Amino acid sequence: MHPAKGGLHWLAWASEFLGTALLLFGGLSAVTLVFMPGSPVAARMPSVSVRLLLTGVLFGGTGSLVAVSPFGRLSGAHINPAITFAFWITRHVHRDDLAGYVAAQLLGGLTGFGAVYLLWGSRLSAVHFGRTVPGAGVALPAALLIEAGMTAALVGLIFFFVSRPNTARWTPLGTWALVAMLVWHFAPITGTSLNPARTLGPNWAAGALKVYWVYVAGPLGGAALAAAVARLFDLRLHTARMFDDPEYASSLAHSNEMAATRPRSG
């Protein structure tokens with residue numbers, strides 16, 4: 001096993017910043033287009049359930065496209081503090097990258113939200129800025145547990161794919177399908193955040209920061225649970241990247257199987 005490397009990995013951090021910004025820009029643009037008043041999508045798809053599924057497909061698809069992009073291949077395309085936290089627990093991320101990645105993700109999320117606001121303006125405010133808040137009648141502890149469970153499922157799925165070299169490259173496809181299903185079924189209940197960086201900007205703009213802690217504690221708790229289970233059962237993770245490309249050197253831990261075709265990094 002090649003251990004995670006410490007240091008200042010500015011290119012990887014910049015890639016996480018850009019990837020998270022694009023996730024917010026693409027995902028929240030989808031939310032706005034599908035649910036804004038007078039939406040042409042709503043006119044053709046009056047079913048809210050179908051539109052939720054479409055939103056999940058577009059949001060999840062944005063993240064998967066980031067994963068296979070050049071900057072996604074460079075950083076690993078975590079684009080989510082919960083995923084970086086999970087890989088840190090399994091010792092695939094050095095503490096230097098834990099700090100660098102999370103800072104980049106939060107700043108990228110805010111930047112992506114700002115770009116969405118500039119593009120959509122009042123139409124974004126009409127969909128409450130894409131905030132994630134508990135649905136009507138859903139208590140905060142219940143929302144926290146649901147967010148934790150969904151994030152544990154997401155991290156568990158990622159761990160499943162990256163635990164085998166021959167399935168690791170299919171991780172973006174698996175996460176795409178899962179995120180689409182989670183948004184479809186749970187968005188009316190919690191907003192389906194799964195990601196503190198996704199929620200920070202929208203909830204700040206919508207004046208909903210008082211519930212933001214749910215969307216920090218829930219995803220981080222779910223990620224920690226999935227990582228603890230992986231360590232308990234000694235699950236061997238071959239990479240900490242969503243799409244492991246041997247043409248891109250990485251500071252993240254990786255197995256010999258993944259390193260066999262990876263170029264040497266200084």
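# Helix packing and buried loops in a predicted model

Ala77 is buried, with a relative accessible area of 5%. The model is a predicted one. Ala77 sits in the loop between helix 4 and helix 5. Its phi is near 55°, a positive value in a residue other than glycine.

Leu194 is found in the loop between helix 10 and helix 11. Phi of Leu194 is near 65°, again positive in a residue that is not glycine. At 5% relative accessibility, Leu194 counts as buried, because the cut-off for that class is under 20%.

Ser69 is another loop residue, placed between helix 3 and helix 4 (70-75). Its relative accessible area is 12%, so Ser69 is buried. Asp97 is 28 residues from Ser69 in sequence. In space, their C-alpha atoms are 20 Å apart.

The buried residues are Pro81, Ala82, Ile83, Thr84, Ala86, Phe87 and Ile89. What covers them? The cover includes helix 6 (95-120), helix 8, helix 11 (196-205) and helix 12.

Helix 6 can be followed from Arg95, which belongs to it. Arg95 is exposed, with a relative accessible area of 61%. Lys5 lies 90 residues from Arg95 in sequence. Their C-alpha atoms are 9.1 Å apart in space.

Now to helix pairs. Two packed helices are described by the angle between their axes and the distance between the axes. Helix 6 and helix 11 pack at an angle of about 45°, and their axes are 8 Å apart. That makes helix 6 oblique to helix 11. The crossing of helix 6 past helix 11 is right-handed. On the helix 6 side, the contact is made by Gln105, Leu106, Gly109, Leu110 and Phe113. Helix 11 supplies Pro196, Ala197, Leu200, Gly201, Pro202 and Ala205. By class, the contact of helix 6 with helix 11 has eight nonpolar and three polar residues, and no charged ones.

Helix 1 (residues 10-35) and helix 3 (residues 48-68) make another pair. Their packing angle is about 160°, with the axes 9 Å apart. An angle over 145 degrees counts as roughly antiparallel, and helix 1 and helix 3 are therefore roughly antiparallel to each other. Helix 1 passes helix 3 in a right-handed crossing. From helix 1, the contact uses Gly19, Leu22, Leu23, Gly26, Gly27, Leu28, Ala30, Val31, Val34 and Phe35. From helix 3 come Val48, Arg51, Leu52, Leu54, Thr55, Leu58, Phe59, Thr62, Gly63 and Val66. The contact of helix 1 with helix 3 has 13 nonpolar, six polar and one charged residues.

Helix 8 (residues 140-162) also covers helix 5, as part of the set named above.

Which residues of helix 8 are buried? They are Ala143, Glu147, Ala148, Met150, Thr151, Ala152, Leu154, Val155, Ile158, Phe159, Phe161 and Val162. An α-helix has 3.6 residues a turn, so residues three or four places apart point the same way. What covers the buried residues of helix 8 includes helix 5 (81-89), helix 9 (165-168), helix 10 (171-190) and helix 12 (214-232).

Helix 10 is one of those covering elements. The axes of helix 8 and helix 10 come within 10 Å and cross at roughly 170°. Helix 8 and helix 10 are therefore roughly antiparallel to each other. In helix 8, the residues that meet helix 10 are Ala143, Ile146, Glu147, Met150, Ala153, Leu154, Leu157, Ile158, Phe161 and Val162. The residues of the contact of helix 8 with helix 10 divide into 14 nonpolar, four polar and one charged.

Key
Residues numbered from 1 in each chain as written. Predicted model: local features only at pLDDT ≥ 70, side-chain atom pairs only at ≥ 80, totals over all residues. Heavy atoms only, no water. Axes fitted to C-alpha atoms, helices over the stretch in contact; angles between N-to-C directions. Helix = DSSP H or I, 4+ residues; strand = E, 2+ residues; numbered from the N terminus. Parallel < 35°, antiparallel > 145°, perpendicular 65-115°, else oblique. Left-handed = near helix turned anticlockwise from the far one by under 90°. Contact = heavy atoms within 4.5 Å. Nonpolar A, V, L, I, M, F, W, Y, C, P; charged D, E, K, R; others polar. Buried < 20%, exposed > 50% of the residue type's maximum accessible area, 1.4 Å probe, protein only.
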